[in-house]
Amino acid sequence: MELVSQAKSFGGVQGVYRHQSRETGTPMVFSVFVPPQAERGPRPVVWYLSGLTCTHANVTEKGQYQRACAELGLIFVAPDTSPRGEGVPDDPAYDFGQGAGFYVDATQSPWAQHFRMESYIVSELPALVGAEFPVDMARQGITGHSMGGHGALTLALKNPGRWKSVSAFAPISSPMRCPWGEKALGGYLGEDRAAWRRYDATALLEDGARLSELLVDQGGADNFLAEQLKPELLAAACEKAGVPLTLRMQPGYDHSYYFVSSFMADHLAWHAERLG
């Protein structure tokens, strides 16, 4: 693991790191904030999965989580959204290829060799973070924005008990039923829509997966609300499955980091309460 940069922040340390990933076959960059309480022992961790076009840097620089994490004693980890670099396939559009890994393990050529973001987030990166940072791996939460909200929901639903707290900012609630998701799942997984269900939060709920509870914030002025995000589908699936969902529609907020940063402290306090 290589240190890219490091800075003191609210008594803690904000670092950016690079390592060679066995899952993606490429170098991967991620950021970690370690609060001052970690000097006294391992701390709970919140994983944050970013949205389309983003790297670790978007939330690290714009998410405004450092103060809240320092006050609450939370470690905050922000991975990249896809493999990158020479030899990694890409697409000219912003919503597919590099920067748009959708947190799946691709099965279709040419994506299958490098686009293994599910295995990277679930297995490889936690093992590295657990070995290198003072993390209490028994107390993990997960959240994310947009495509990353989709990732947080689906990974938590498929790995029951792994993350003790789950939330999302404007998640893609049903990729099978929106243009972003249909393009990504079709490209990475092929045309068999049955194979897409394990990467769709509403479908996973319909198929029996469960969460203990869920917090979602959604901007009311989000340009992607009706066509891409469709929180009403998630709400209906949670109600039918008996999963307690707190869905907060926030009037006037859009899809940007002005929205995410406005409610970041709320989400972190919610996670901290459940992570003890």
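Which residues have the most contacts inside the largest nonpolar core? They are F30, F76, V77, F102, Y188, M264 and L268, in a core of 86 residues. A nonpolar core here is a set of buried Ala, Val, Leu, Ile, Met, Phe, Trp, Tyr and Cys residues joined through side-chain atoms within 4.5 Å. Buried means under 20% relative accessible area, exposed means over 50%, and partly exposed is in between (1.4 Å probe, protein chains only). Helix α9, residues 257-275, gives the most to this core, with 8 residues. In soluble globular proteins, nonpolar side chains tend to be buried together.

A word on the model itself: it is predicted, so local features need pLDDT of at least 70 and side-chain atom pairs count only at pLDDT 80 or more, while totals for chains, interfaces and linings use all residues. Residues are numbered from 1 along each chain as its sequence is written, and side-chain values use heavy atoms, with hydrogens and water left out.

Now the overall picture. The chain has 9 helices and 9 strands; these are DSSP runs numbered from the N terminus, with helices being H or I of at least four residues and strands E of at least two. With a radius of gyration of 17 Å, close to the 19 Å that the globule rule gives for 276 residues, the chain is as compact as a globular protein of that length. That radius is taken over C-alpha atoms, and the globule rule is 2.2 Å times the number of residues to the power 0.38. The C-alpha trace spans about 50 × 45 × 35 Å along its principal axes. Of the 276 residues, 60% are buried. Among contacts (heavy atoms within 4.5 Å) with a separation of 6 or more, 72% come from residues 24 or more positions apart.

Not counting residues up to four places away in sequence, L268 touches V46, Y65, A68, C69, L72, L74 and F76. S261 also sits in helix α9, and it counts as buried because its relative accessibility is 14%. Leaving aside neighbours within four places in sequence, S261 contacts K62, G63 and Q64. Q64 itself lies in the loop between α1 (56-62) and α2 (66-72) and is exposed, with a relative accessible area of 55%. Q64 is not a glycine, yet its phi is positive, at about 55°.

F10 has a positive phi too, near 50°, and is likewise a residue other than glycine. F10 is found in the loop between β1 (2-9) and β2 (12-20), where it counts as partly exposed at 44% relative accessibility. Another backbone feature is the cis peptide bond from S109 to P110, with omega near 0°. P110 belongs to the loop between β5 (75-79) and α3 (117-132).

G141, in strand β6 (residues 135-144), has 0% relative accessibility and so counts as buried. Apart from neighbours within four places in sequence, G141 is in contact with V45, V46, W47, W163, S165, H271 and L275. G141 and G63 are 78 residues apart in sequence, and their C-alpha atoms are 17 Å apart in space.

A209 lies between α6 and β8 (214-219) and is buried, with a relative accessible area of 15%. A209 contacts L157 and L204, leaving aside neighbours within four places in sequence. The C-alpha atoms of A209 and K158 are separated by 6.9 Å, although the two residues are 51 apart along the chain. A194, in the loop between α5 (179-189) and α6 (201-206), counts as exposed at 54% relative accessibility. A194 and Q218 are 24 residues apart in sequence and 28 Å apart in space, C-alpha to C-alpha.
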